Amino acid sequence: MSKIRLPVTRYYGSKRKLVERIWNEIERKELIFDSVLDIFGGTGLFSYYAKCKSKQVIYNDIFRFNSIIGKKLIQQSSNELTLERARNMLLPIEGVIYRNVITENFTGIYFTDEENHQIDIFIQNINFLENENLQASAYYILFQSCIIKRPYNLFHRNNLNMRLNYKKGNFGNKKTWERSFSELFERFINELDEFCFDNGEENISLNSSALQCNAQANLLYIDPPYFTSGSNTTYHSKYHFLEGLAHYDEIQKNIDHNKKNKEITINKSLEFESKTTFLNDLQQLLLNHTDSHIVISYRNNGVPSIEDMAELLRSINNNFEVSVIDLGNYGYALNRNNINNNEVLIIAKNILL
Ligand SMILES: C[S@@+](CC[C@H](N)C(=O)[O-])C[C@H]1O[C@@H](n2cnc3c(N)ncnc32)[C@H](O)[C@@H]1O
């Protein structure tokens with residue numbers, strides 16, 4: 001069978017390079033399932049792979065911006081937004097009075113003044129699009145363009161200066177950072193045209209915290225935030241700006257002005273984001289899904305340890321056949337400092353399924 005092509009994503013912890021290996025291991029264990037719940041969905045690549053494999057897919061992520069990406073790639077089956085229409089959305093519509101939330105609050109932080117102005121206009125123009133398909137496409141190309149224009153592809157630092165003053169060195173892609181939204185839109189509209197498809201199933205994208213998500217599927221894929229023993233930056237801190245854009249009308253009253261990067265606090269949560277409570281959160285999650293096969297992605301030098309997690313799975317359900325598979329050393333695009341850091345898969349095959 002020909003290789004499955006996947007959208008290129010620049011997301012922290014994306015399983016793009018690993019998803020084929022993960023799927024092969026699931027097949028090797030002869031798990032029987034026709035539905036998948038990807039409860040920490042992120043870029044949606046595991047979901048997308050499962051969609052290509054003709055499964056019924058439920059995508060979920062705590063962040064609305066991610067769930068819109070999931071809506072586009074997983075729930076919807078086509079892209080109706082043309083490049084011309086997307087580019088026109090960067091311009092104000094005559095007679096409309098626009099708010100300037102990004103321009104007024106984020107000068108010199110993430111994007112240039114001109115870019116901030118374009119973001120303000122584009123986001124508000126999404127309200128004038130006539131259906132959900134067009135709206136999700138518009139958000140998708142904006143989020144992807146914002147990510148690709150950022151040093152490190154993240155929003156936890158107010159480092160626009162780094163981008164603007166960057167001369168040369170090993171790191172960074174100054175050329176991409178300086179590409180205009182209009183230019184980048186072409187790439188992401190093409191991406192949507194290539195990757196949106198119908199697999200004949202009712203797939204959905206949810207926006208809930210993992211512990212609040214009450215969807216069920218034969219196979220639960222758990223790819224949670226991952227901790228080392230040192231300090232960790234939460235997903236919220238890394239991507240708060242995009243979560244703000246997905247809640248444009250609420251940004252103004254949710255800016256933390258004490259932080260240099262003007263963090264937008266919407267959907268900030270410690271669930272699965274605190275080392276001290278992670279194992280309890282995981283136990284709770286597993287107890288909610290004892291009728292499924294469970295597949296967990298984690299790393300061998302993380303906290304809690306792989307053995308702690310495997311032990312927890314064994315203790316939750318006698319019908320789980322638990323195995324731990326070392327997938328080797330996979331450097332993440334955004335984290336090159338991981339020499340002794342192997343990717344591990346824990347599979348709990350539910351023998352009643
Ligand atoms: C390791 S990433 C998942 C990456 C994904 N598998 C991919 O290939 O892109 C973890 C994801 O969990 C989400 N997340 C963090 N805390 C969460 C929670 N309590 N409930 C649901 N999702 C959460 C983050 O937004 C992030 O997208």
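**Aromatic pairs, cysteines and the ligand site**

Tyr49 counts as buried, at 5% relative accessibility. Buried here means under 20% relative accessible area, exposed means over 50%, and partly exposed lies in between, with a 1.4 Å probe and protein chains only. The model is a predicted one, in which local features need pLDDT of at least 70 and side-chain atom pairs count only at pLDDT 80 or more, whereas totals for chains, interfaces and linings use all residues. Residues are numbered from 1 along each chain as its sequence is written, and side-chain values use heavy atoms, with hydrogens and water left out.

The structure contains 30 aromatic pairs. The pair of Trp23 and Tyr49 is tilted, because the ring centres are 5.7 Å apart and the planes stand at 50°. Rings of Phe, Tyr and Trp (its six-membered ring) pair if their centres lie within 6.5 Å; planes under 30 degrees apart count as stacked, over 60 as edge-to-face and the rest as tilted. This pair links distant parts of the chain, since Trp23 belongs to helix H1 (residues 19-28) and Tyr49 to helix H2 (residues 45-52), 26 residues apart. Helices (H or I, at least four residues) and strands (E, at least two) are DSSP runs, numbered from the N terminus. Trp23 is buried, with a relative accessible area of 1%.

Phe155 and Phe241 form a stacked pair, because their ring centres are 5.4 Å apart and their planes lie at 15°. Phe155 is in the loop between helix H7 (132-148) and helix H8 (160-165), and Phe241 is in helix H11 (residues 235-245), so the pair ties together parts that are 86 residues apart in sequence. Both Phe155 and Phe241 are buried.

One aromatic cluster is formed by Tyr11, Tyr12, Phe63, Phe65, Tyr139, Phe143, Tyr235 and Tyr239. Tyr235 also has Lys238 over its face, at 4.9 Å from the ring centre. Elsewhere, the charged end of Lys51 sits over the ring of Phe197, 4.7 Å from its centre. A charge sits over a ring if NZ of Lys or CZ of Arg is within 6 Å of the ring centre and within 35 degrees of the ring normal.

The structure holds 0 disulfides, the criterion being a pair of cysteine sulfur atoms within 2.5 Å. Cys146 is in no disulfide, and the nearest cysteine sulfur, that of Cys196, is 19 Å away. Cys146 is buried, at 0% relative accessible area.

The next topic is the ligand. Of the 23 residues around the ligand, those that come nearest are Tyr11, Thr43, Asp61, Ala210 and Asp223; a residue is near a molecule or strand if one of its heavy atoms lies within 4 Å of it. The side chain of Thr43 has an N or O atom 2.4 Å from an oxygen atom of the ligand. A polar side-chain atom of Asp223 lies 2.6 Å from a nitrogen atom of the ligand. The protein covers 99% of the 600 Å² of accessible area that the ligand has on its own, with areas from the Shrake-Rupley method and a 1.4 Å probe.

Some backbone features remain. The peptide bond from Val303 to Pro304 is cis, with omega near 0°, and Pro304 is found in the loop between strand E5 (293-299) and helix H13 (306-316). Glu30 has a positive phi of about 55° although it is not a glycine, and Glu30 is exposed, with a relative accessible area of 59%.

How values were computed
A polar contact is a pair of N or O atoms within 3.5 Å; within protein, one must be able to donate a hydrogen and the other to accept it, and residues adjacent in sequence count only if both atoms are side-chain atoms.
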